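Q: Please take a close look at a single part of this model. I would like one connected account of it.

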Amino acid sequence: QVQLVESGGGLVQPGRSLRLSCAASGRIFDINAIGWYRQAPGKERELVAEITGGSNTNYLDSVKGRFAISRDNAKNTVYLQMNSLKPEDTAVYYCRFAAGMRPTYHYWGQGTQVTVSS
């Protein structure tokens with residue numbers, strides 16, 4: 001069984017930075033996309049950043065220029081560097097690996113809380 005273990009969340013003041021990590025317990029084959037999602041209380045889950053085929057990256061408009069997604073294939077790990085954090089970034093952040101084609105399987109992390117407050 002594949003498990004994704006997240007770390008790096010916490011409480012920070014506005015303007016500070018955090019780096020989230022998501023490591024797979026084992027090798028995931030045929031990865032098509034790796035991404036970070038977040039969900040704030042009472043709101044829908046939203047895509048924050050992802051790496052797709054061809055090493056393309058996509059970002060939520062509100063985090064462009066502040067967040068950066070990256071990966072380390074040797075460690076089977078994806079990172080989310082979050083700079084200039086704002087209170088509206090407060091949410092539970094989830095990583096996701098999408099693997100395979102027809103069908104595609106989705107593996108999710110357990111979530112890590114990010115709270116931005118003074």
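With which strand does β11 pair in the parallel sense, and over how many bridges?

A: The model is predicted: local features need pLDDT of at least 70 and side-chain atom pairs count only at pLDDT 80 or more, while totals for chains, interfaces and linings use all residues. Residues are numbered from 1 along each chain as its sequence is written, and side-chain values use heavy atoms, with hydrogens and water left out.

β11 pairs in the parallel sense with strand β2 (residues 10–12), over three bridges. Strands here are DSSP runs of E, at least two residues in length, numbered from the N terminus, and two of them pair if DSSP finds at least two bridges between them. Within this pairing, valine 12 stands opposite valine 116 in β11.

β11 also pairs with β9: three bridges join these strands, which run antiparallel. Here tyrosine 93 stands opposite threonine 112 in β11.

In a regular strand the side chains alternate between the two faces of the sheet. On β11, Thr112, Val114 and Val116 make up the covered face, and Gln113 and Thr115 the uncovered one.

Methionine 82 has Val114 and Tyr93 among its contacts, not counting residues up to four places away in sequence; contact means heavy atoms within 4.5 Å.

Terms used:
Buried < 20%, exposed > 50% of the residue type's maximum accessible area, 1.4 Å probe, protein only. Helix = DSSP H or I, 4+ residues; strand = E, 2+ residues; numbered from the N terminus.
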